[in-house]
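Dear colleague,

Please find the structure for your study below. My notes on it come after the display.

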Amino acid sequence: MERESERKSDEESVNGQRRVGILYDDRMCRHHTPDHEDHVENPNRLRAIWNELQSAGILQRCVLLGAKKAEDTYLHLVHSRSHVNLIKHISSRKFNERRSLIAAEFNSIYFNEGSSEAAYLAAGSAVEVVEKVASGELDSAAAIVRPPGHHAERNEAMGFCLFNNVAVAARYLLDGRPESGVKKILIVDWDVHHGNGTQKMFWNDSRVLFFSVHRHDFGRFYPSNFDGFYTKVGEGAGVGYNINVPWENGKCGDADYFAVWDHILLPVAKEFNPDIIIVSAGFDAVYLFCKKEVDLAVGDPLGGCRVTPYGYSVLLEKLMNFAEGRIVLILEGGYNLDSIAKSMRACLEVLLEGKPVTGSLEEAYPFESTWNVIQAVRENLSPFWPSLASELPQELISKVGPHLHTLISSSEDEDDKGAPSTENLEELLEDVIKPLSELKVDADEEIDVSSTWRSELSNVYIWYASYGSNMWKARFNCYLAGGQVDGMVKHCSGSANRTLPKEILWKNFPCHIFFGRDSSDSWGQGGVAFLNPEKKLTDKTYMCMYKISLEQFNDILFQENALSLDADSPLFDINTLNAISDKEFNSLEVVKGAWYGNIVYLGKEQDVPVITMTCSLLDIKRFKSGKLPLRAPNEAYANSLIKGLVEGEKLSEAEAIAYIDGAVKSL
Ligand SMILES: [Zn+2]
């Protein structure tokens with residue numbers, strides 16, 4: 001593959017310059033916040049890119065293309081008529097009074113007088129560039145457009161996106177221009193956010209292979225749900241044609257992305273053999289702190305990953321071996337002006353030269369968590385893509401990068417005056433990324449209490465057996481009534497049903513608790529308790545059992561796994577309960593890959609089933625092998641257990657501490 005690309009670039013340098021199109025139109029800058037309030041998605045994004053391309057002499061080497069407004073016929077291929085109509089007229093005078101109110105009904109959307117035109121130009125420009133490349137007029141092209149598109153759904157604008165530009169362009173080729181001969185399209189979405197809109201639009205469509213690598217943080221990162229998880233592989237004809245690579249956090253950089261390309265995307269692309277590749281090119285996965293201005297762009301305020309312009313150029317170059325190099329880049333997110341400008345420039349240099357820009361890897365190896373994600377994706381997708389079926393060699397996956405802390409402190413040097421100290425890092429991540437990552441304007445979640453599953457499960461009772469901080473009543477109560485107790489760093493939303501437990505009982509179980517993971521969302525640094533659901537008569541775990549409804553249990557499960565309570569269906573219903581309750585210590589993973597997604601049946605008490613939640617059996621293996629860290633809890637978390645044990649089990653404080661110490665030492 002490598003040699004082939006070298007040969008190709010030799011040929012083309014003989015035949016002359018690659019024909020690379022570039023499209024930009026200033027009218028897309030007329031879309032901005034109504035009163036010019038500060039906003040990360042602003043017109044300067046496009047201007048910064050354009051200026052960089054101009055001063056670097058890139059424009060002179062490209063074919064300049066004019067923007068065109070999208071035709072409604074093509075917009076209707078992916079959007080509902082009512083949505084197209086809304087966007088078409090939202091900037092007209094008759095909406096002057098209501099425009100902002102309408103925008104407020106959407107998630108992270110603003111409108112002004114320039115929005116309609118900009119949205120039509122962005123989608124139309126995407127169509128224009130794919131048309132030129134599919135017809136062979138150009139080898140490749142980039143559209144510098146806004147508003148971005150990949151969050152926009154069939155009937156909904158969201159996440160700064162009005163029309164789904166990439167999806168419109170793809171459907172245009174497949175259905176609007178059958179004579180172009182394009183039958184298979186690979187969409188690569190490397191924006192740091194999941195391309196939820198694009199995924200849904202091609203969910204049942206095998207003509208489009210949608211690949212998205214994004215921060216997921218177990219459903220905590222925008223758009224804050226599980227749509228971007230690797231278990232979402234498409235349906236019907238489209239099953240296997242939807243690939244998600246969800247990062248667990250915002251640490252990933254070039255080496256992690258390269259590994260995902262080499263071990264997931266490229267083998268699948270080879271099998272799929274696309275006719276054209278469209279990149280949803282967001283540049284918001286860039287480095288958070290500037291080390292050396294020359295080779296690292298400063299960070300993105302929303303993304304928090306660590307891809308460099310060099311990294312993007314390598315990712316793009318690796319794709320040029322497919323579809324005979326027919327690649328179209330369509331801008332998505334990216335909110336650091338300097339970073340998006342440098343990254344787009346690096347990508348255009350690749351399209352022009354057929355090789356990555358100069359640069360080097362900050363870290364030689366991906367993180368261990370990256371190998372875990374890659375393996376999970378391969379395992380999940382291998383039924384559809386035989387090239388993913390083989391196990392990755394141990395010598396490969398044992399090469400891992402350092403932990404974040406080591407990494408930041410080792411990257412500090414004399415020119416690095418502005419870089420934060422290691423201690424401030426967590427705080428900074430919290431301050432900078434968190435509020436912005438939760439783009440949702442209206443943070444208050446409305447739970448649909450009318451869901452039928454809620455009324456069905458509100459009268460079914462179970463004992464929820466808790467062994468961690470939930471043993472302390474005050475803490476557990478946060479999961480029902482909402483709130484947070486001393487030491488918690490995060491507020492709980494509470495259950496839709498705030499009734500307190502009918503009864504509380506303490507009991508011992510012959511299994512083992514242990515403490516693992518480096519830090520948690522609720523308690524910050526330090527491990528949290530997990531149960532090894534293996535029956536062992538020599539073990540004794542104290543549990544506080546709360547008699548609550550199965551509806552409330554589901555709400556705890558949602559909160560423990562950072563999922564939205566506003567779900568159309570429960571995670572754990574009566575049928576699943578019946579299925580596992582034939583044998584004690586039976587367990588079933590109901591939220592794949594989540595920390596507490598595994599439900600364990602512990603028997604019956606007063607004829608009512610006793611259940612608890614812990615990590616998956618696979619994670620137990622990973623804790624045992626050292627792949628996941630065993631960690632002592634922090635003081636606040638340990639105190640919550642002590643309080644619970646003293647209050648309920650009537651242990652002395654010393655006995656409670658000894659019990660926790662015993663659990664810390666082993667698994
Ligand atoms: Zn994004």
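This is a predicted model: local features need pLDDT of at least 70, side-chain atom pairs count only at pLDDT 80 or more; totals for chains, interfaces and linings use all residues.

Residues are numbered from 1 along each chain as its sequence is written.

Helices (H or I, at least four residues) and strands (E, at least two) are DSSP runs, numbered from the N terminus. An open sheet is formed by eight strands with parallel pairing, in the order β2-β1-β3-β8-β7-β4-β5-β6; two strands pair if DSSP finds at least two bridges between them. At the edges lie β2 (63-65) and β6 (242-247), each pairing on one side only. Strand β3 (residues 140-143) runs parallel to β8 (residues 327-331), and four bridges join them. Alanine 143 has isoleucine 330 in β8 as its bridge partner.

Helix α6 (residues 115-134) packs on the sheet, and its direction makes about 175 degrees with that of β3. Such angles run from 0 to 180 degrees between N-to-C directions, with axes fitted to C-alpha atoms, for helices over the stretch in contact. Contact requires C-beta atoms, placed from the backbone, within 7 Å.

Helix α9 (residues 254-272) bends by about 40 degrees at tryptophan 261; the bend is the angle between axes fitted to the seven residues ending there and the seven starting there. Just after α9, asparagine 273 takes a positive phi of about 55 degrees.

Yours sincerely

Key:
Two residues are in contact if their C-beta atoms, placed from the backbone, lie within 7 Å.
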